[in-house]
Amino acid sequence: MLDVRPVFFVVGVLCVTTGPMLLVCALVDLANRNPDWQVFVLSAVIAVGFGALMSTATWTGSIRLSLRQGFLLTVLSWVVMSFVGALPLWLSSLPISFAGAYFEAMSGFTTTGSTVISGLDDLPPGLLLWRGLMQWIGGLGVIALGIILLPFLRISGMQLFRMESSDVSEKATARLVVLIRQIVLLYLAITGLGVFAMLALGATPLDAAVHAFTAVSTGGFSTHDASAGFFDVPIQAVLLVMMFLGGITFPLMLLVFHGRARAIFEDDQVRLYVRIIAAVVALIVAWRLVATDAEFLPALWGTLFNVVSVITTTGYATENYITWGPFAETAFLLITLVGGCTGSTSGGMKPYRLLIMARALRNQLQTRLHPHRLTRVIYNGRVVEDEVVRSVFAFTWMLLGALWVLTAMVAATGIDFVTAFSAVAQALANVGPGIGPVIGPAGNFATLPEPVLWILSFAMLLGRLEVVAVLVVLSPVFWRG
């Protein structure tokens, strides 16, 4: 029988920690004389009270999680936190159903960036700040998930990034604590520098804070319906840098402060990440210059910003890139599933998986020509275990399977194929905007029926938790074992 008490204790603690953040949003609304401050106080009372009761009732004196408990904690953390995040949205003056509020909160904590809310320019400041805080909190959780928990759970080939110090010795635990502390400080530093830079360039404190939160977390929630297009190029440039950094492995960025900056440029995954961005930008700019009357510099800047936004799964938009033509629209749809590097705040398949699959397929072709030749997949100069290669291919097939099944479910509600396919694809990749006039960069998800919002909320959870964690917890074997 699975002992769920340690899992519920940790989830309860997570609920309690949201209380102070909800109260900060209440203070912001109160300072602006907005009655929604009461909603945040009520939500804080519910979250803290529920979390405290859960933690008190399940405290066992020590916290040591087994593999099965780790899977359950991974899934429940995002599910329960999204319920907590939905409370102030649902209880506020917004005309939003609970399905819409939960969709918005899941989009926030998974750093997806899809939204059912319009009229952002007139939204109460407390709600705008809460949307940004959900993504900022989620970004920290995503980093921890990618470099600490998923490698330990051996999910989807993530064991490739399992730390050498991932044993349970006291020395190894101390190194892990130091790594976590340094990553949190780096995350705070990037956020703080982003806020300072945007304030210096003329942004309001609310705009600067929310966009710094949602850029470093590659979440993409904005305070304006025009998204990043509301701002001038200098502020867009700050957001571009923050998105790009958010898509790079955070432990690699730490090496810069340890005098090993070359390690970033020598990493196979980062090099592919940069090359994909450069190639897609070059192709789309060439297309726009040939097929439209676009000027070079505006076309280059608009393409660069929006490509980085999509490939890092942020979801900001400065232009409606669907109007750039069928080639550009197809290119954006294809890079939707790519994502940033592992150990970053980005979603998607991750470039390292593309590298491993490409090198494994190349080896298969070589063995057809030279049957007796021994070939191994190499990543960053190291031999990749066959188990990791199998996990990567299994993850890819499960992701594609989820894409097909969920697209069929959404289409069965009467949604057209392009909207259904791109909605599920962006949800699984945690990107934000889809393709087409309904959910493209110029639209949102408000017109979709509630059953579709629940399906997409599940798809966002699947994508953020690397598919396997959710499927494992949903399997009957998990609960019988």
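A polar contact is a pair of N or O atoms within 3.5 Å; within protein, one atom must be able to donate a hydrogen and the other to accept it, and residues adjacent in sequence count only if both atoms are side-chain atoms. This structure is a predicted model, in which local features need pLDDT of at least 70, side-chain atom pairs count only at pLDDT 80 or more, and totals for chains, interfaces and linings use all residues. Residues are numbered from 1 along each chain as its sequence is written, and side-chain values use heavy atoms, with hydrogens and water left out.

Asn34 sits in the loop between helix H1 (5-31) and helix H2 (37-58). Helices here are DSSP runs (H or I, at least four residues), numbered from the N terminus. Asn34 counts as buried because its relative accessibility is 17%. Buried means under 20% relative accessible area, exposed over 50%, and partly exposed in between (1.4 Å probe, protein chains only). Beyond its neighbours within four places in sequence, Asn34 is in contact with Asp29 and Pro124. Contact means heavy atoms within 4.5 Å.

Thr58 belongs to helix H2. Thr58 is buried, at 11% relative accessible area. Not counting residues up to four places away in sequence, Thr58 touches Arg5, Phe8 and Phe9. Trp397 is 339 residues from Thr58 in sequence and 38 Å from Thr58 in space, C-alpha to C-alpha.

Thr336 lies in the loop between helix H13 (326-335) and H14. Thr336 is also buried, with 6% relative accessibility. Leaving aside neighbours within four places in sequence, its contacts are Val310, Ala425, Gln426, Ala429 and Val431.

| Side chain | Backbone atom | Distance |
|---|---|---|
| Asn34 | nitrogen of Asp36 | 2.9 Å |
| Thr58 | nitrogen of Phe9 | 3.2 Å |
| Thr58 | oxygen of Met54 | 2.6 Å |
| Thr336 | oxygen of Phe332 | 2.7 Å |

**Helix H15**

Helix H15 (residues 386-411) has 26 residues. From first C-alpha to last, H15 reaches 37 Å, close to the 38 Å expected at 1.5 Å a residue. That expected span is 1.5 Å times one less than the number of residues. Which residues of H15 are buried? They are Val388, Val389, Ser391, Val392, Phe395, Thr396, Leu399, Ala402, Leu403, Leu406, Thr407 and Val410. An α-helix has 3.6 residues a turn, so residues three or four places apart point the same way. The buried residues of H15 pack against helix H14 (351-369), helix H16 (417-429) and helix H17 (450-464).

**A nonpolar patch**

Leu289, Val290, Phe296, Leu297 and Leu300 make a nonpolar surface patch of about 490 Å². Helix H11 (268-291) and helix H12 (296-311) each supply at least two of the patch residues. The largest share, three residues, comes from H12. Leu289 is in H11. At 36% relative accessibility, Leu289 counts as partly exposed. Patch residues have over 30% relative accessible area and no salt bridge; nonpolar side chains (Val, Leu, Ile, Met, Phe, Trp, Tyr) are joined within 5 Å, and like charges within 9 Å. A salt bridge is a side-chain nitrogen of Lys or Arg within 4 Å of a carboxyl oxygen of Asp or Glu. Accessible areas come from the Shrake-Rupley method with a 1.4 Å probe.

**Positive phi in two loops**

Most residues other than glycine have a negative phi. Asn430 has a positive phi of about 55 degrees although it is not a glycine. Asn430 is in the loop between H16 and H17, and is buried at 0% relative accessible area. Glu466 has a positive phi near 60 degrees. Glu466 is in the loop between H17 and helix H18 (468-474), and counts as buried at 4% relative accessibility.
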